[in-house]
Amino acid sequence: MNSLASVSQKEIASQLITYPIVETFHSLQGEGTWTGVNAFFIRLAGCDVHCPWCDQKESWTSKKYPQQSIKILAEVSKMANPFMVVITGGEPLMYDLFPLTKALKKLGLRVHLETSGSHSFTGQFDWVTFSPKPFKLPHESIYSQVNELKIVIANQEDLHWAEEEAKKVPREAIKYLQPEWNTPESQSLIFDYILKHPQWRMSLQTHKFLGVR
Ligand code: SF4
């Protein structure tokens, strides 16, 4: 077999790699720096962090979801013609994301990641949103990759956690505190905190206010 044939066989094999998928959908990014931007979301199934207030609990187990190939995921992403593709979860870093991100980037797509960083970092991304959780500590490999730090705040203790995590990310990373949706008092907690700590910004889940995904 010549080397050209072996490269193309490898290419075909990688297109057949599959991931468990909860859903894919086209919407606007609801949170953080890219709020309001046209985005195609790929939500991977599986998460072992188990935040008590998680709004995606149905994604924790991967078993009940269908496997979809990279070929299909790349095709539907391209067809949506989004400004960016957001790989989210669940916890996407439970899987090797190099093959998927390589295929998306080969189609000229901009690729973002939303992760708790609880597994070692894989993939090629244009933007990494890191939302660490105290329920399963992040893997060290995430910290140098972070463009945006987003900490969900439910109580005062979470603000301490936010400051500890902020020390580990690059200086230029944008730092957000986001109210836990079902804890209304977290909004004023964050509001008052940012008035005294200007290095932080508030992130709101605008998709929930709009009643869209
Ligand atoms: S890391 Fe995300 S998906 Fe996993 S339990 Fe926490 S909020 Fe839910």
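Reply: Let's start with Gln29, which is buried, at a relative accessible area of 9% (buried means under 20% relative accessible area, exposed over 50% and partly exposed in between, with a 1.4 Å probe and protein chains only). Before going on, a word on the source: this is a predicted model, where local features need pLDDT of at least 70, side-chain atom pairs count only at pLDDT 80 or more, and totals for chains, interfaces and linings use all residues. Residues are numbered from 1 along each chain as its sequence is written, and side-chain values use heavy atoms, with hydrogens and water left out.

So where does Gln29 come from? UniProt, in an unreviewed entry, lists Leu28, Gln29, Gly30, Arg43 and Thr88 under "binding site" (UniProt positions follow the numbering used here, feature names are shortened, and annotations may be inferred rather than shown by experiment). Of these residues, Gln29 is included in the lining of the largest cavity. A cavity here is a set of points, on a 1 Å grid over the protein atoms alone, where a 1.4 Å probe fits but cannot get out; a pocket is an open set with protein on both sides within 12 Å along at least five of seven lines; and lining residues have an atom within 4 Å of a point.

Leaving aside residues up to four places away in sequence, Gln29 touches Trp34, Thr35, Gly36, Val37, Ala39, Phe41, Met84, Val86, Glu114 and Thr206 (contact means heavy atoms within 4.5 Å).

Thr88, also listed in that UniProt entry, sits in strand 4, residues 84-88. Thr88 is buried too, at 6% relative accessibility. Again not counting residues up to four places away in sequence, Thr88 touches Phe41, Ile42, Arg43, Leu44 and Glu114.

Now the ligand. Around the ligand are Cys47, Val49, His50, Cys51, Trp53, Cys54, Trp60 and Gly90 (each has a heavy atom within 4 Å of it). This shell has six nonpolar, two polar and no charged residues (Ala, Val, Leu, Ile, Met, Phe, Trp, Tyr, Cys and Pro count as nonpolar, Asp, Glu, Lys and Arg as charged, and the others, Gly among them, as polar). The ligand takes up the largest pocket, in the sense that more than half of its atoms lie within 2 Å of the grid points.

Notes. Helix = DSSP H or I, 4+ residues; strand = E, 2+ residues; numbered from the N terminus.
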